[in-house]
Amino acid sequence: MYLITGASRGIGRFLIEKYAKAGHQVMGLYKTTEPESIHGEYYQLDISNEEEVAKFYEANKGKLKDIVLINAAGISYNAFGHKADIDAWSEVIKTNLIGLFNLTRLVLPIMRTDSYGRIINFSSVVAQLGVPGTSAYATSKAGLWGMSKALAVENGSKNVTINNINLGYFNIGMIEQVPGNMLENILQKIPAGRLGSPEEIYSTVDFIINTPYLNGASIDLNGGML
């Protein structure tokens with residue numbers, strides 16, 4: 001079972017389409033907007049709500065087996081730290097980090113029983129570079145590194161792997177929020193001289209799934225951006 005969050009748009013929706021068309025059993029999780037797709041099964045869920053996640057688990061645990069969890073859900077909030085609204089700032093942490101852990105925590109026992117599990121998280125080059133106005137988003141993404149390391153050690157003996165992909169800038173997802181003049185500056189800093197393609201995300205995800213010795217790692221997928 002491929003369990004993919006952020007199913008209504010961007011990377012999550014793209015990966016659902018790819019894996020469903022490849023013949024895998026796929027369940028997409030979305031918060032508000034139901035995806036317009038004939039591929040896969042969909043379930044509305046606010047991953048930051050612990051009660052909702054628990055209800056989802058109880059309703060679906062019978063079909064959750066040999067799980068590949070791809071955590072593609074994420075939100076952002078842009079503000080300089082000294083001007084930030086604390087509620088909006090906290091919401092990013094609640095969704096991107098705590099929400100991701102809510103779901104991960106519940107599927108781990110199944111993975112351990114099955115002696116198989118793959119968890120793939122999307123972190124970001126933003127957390128590595130230090131980008132003005134992104135303290136909430138960067139914090140939420142940097143937190144994934146430590147969490148994944150700890151969970152990898154805890155579960156590695158059960159053939160359960162937890163890895164991150166540190167995404168650079170791609171022509172899918174949140175790139176639409178980047179102003180044109182800023183995008184030009186970003187492109188000048190990417191040695192590859194271009195945005196990444198969704199297919200390159202897919203091939204990296206697939207590599208992680210099929211490489212069981214890779215565990216607790218963070219892969220930089222950013223066109224050589226330093």
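**Salt bridges, a helix and a core**

Modeller: At a relative accessibility of 22%, D114 counts as partly exposed; that term covers values between buried (under 20% relative accessible area) and exposed (over 50%), with a 1.4 Å probe and protein chains only. The model is predicted, so local features need pLDDT of at least 70 and side-chain atom pairs pLDDT 80 or more, whereas totals for chains, interfaces and linings use all residues. Residues are numbered from 1 along each chain as its sequence is written, and side-chain values use heavy atoms, leaving out hydrogens and water.

Biologist: With which residue does D114 form a salt bridge?

Modeller: Side chains of opposite charge can pair when their charged atoms come close. A salt bridge requires a side-chain nitrogen of Lys or Arg within 4 Å of a carboxyl oxygen of Asp or Glu. Here the partner of D114 is K65, with the closest N and O atoms 3.4 Å apart. K65 lies in the loop between α2 and β4 and D114 in helix α3, so this pair ties together parts 49 residues apart in sequence. Helices (H or I, at least four residues) and strands (E, at least two) are DSSP runs, numbered from the N terminus.

Biologist: How many salt bridges does the structure hold?

Modeller: There are 6. One of them joins K63 to E41, at 2.9 Å between the closest N and O atoms. K63 is in the loop between α2 and β4 and E41 in strand β3, so the bridge links parts 22 residues apart in sequence. K63 is partly exposed at 33% relative accessibility, and E41 is partly exposed at 31%.

Biologist: Which residues of helix α2 are buried?

Modeller: In α2 (residues 50–60), the buried residues are V53, F56, Y57 and N60. They lie on the same side of the helix because they cover an arc of only 100° around its axis, taken from the directions from the axis to the C-beta atoms. The face turned away from that side carries the exposed residues E51, K55 and A59. The buried residues pack against β1 (2–5), β2 (26–30), β3 (41–44) and α3 (86–114), where contact means heavy atoms within 4.5 Å.

Biologist: Which residues touch the most other members of the largest nonpolar core?

Modeller: A nonpolar core is a set of buried Ala, Val, Leu, Ile, Met, Phe, Trp, Tyr and Cys residues joined through side-chain atoms within 4.5 Å. Of the 29 residues in the largest one, L15, Y19, I70, F122, I201 and V205 touch the most other members. Helix α1 gives the most to this core, with 6 residues.
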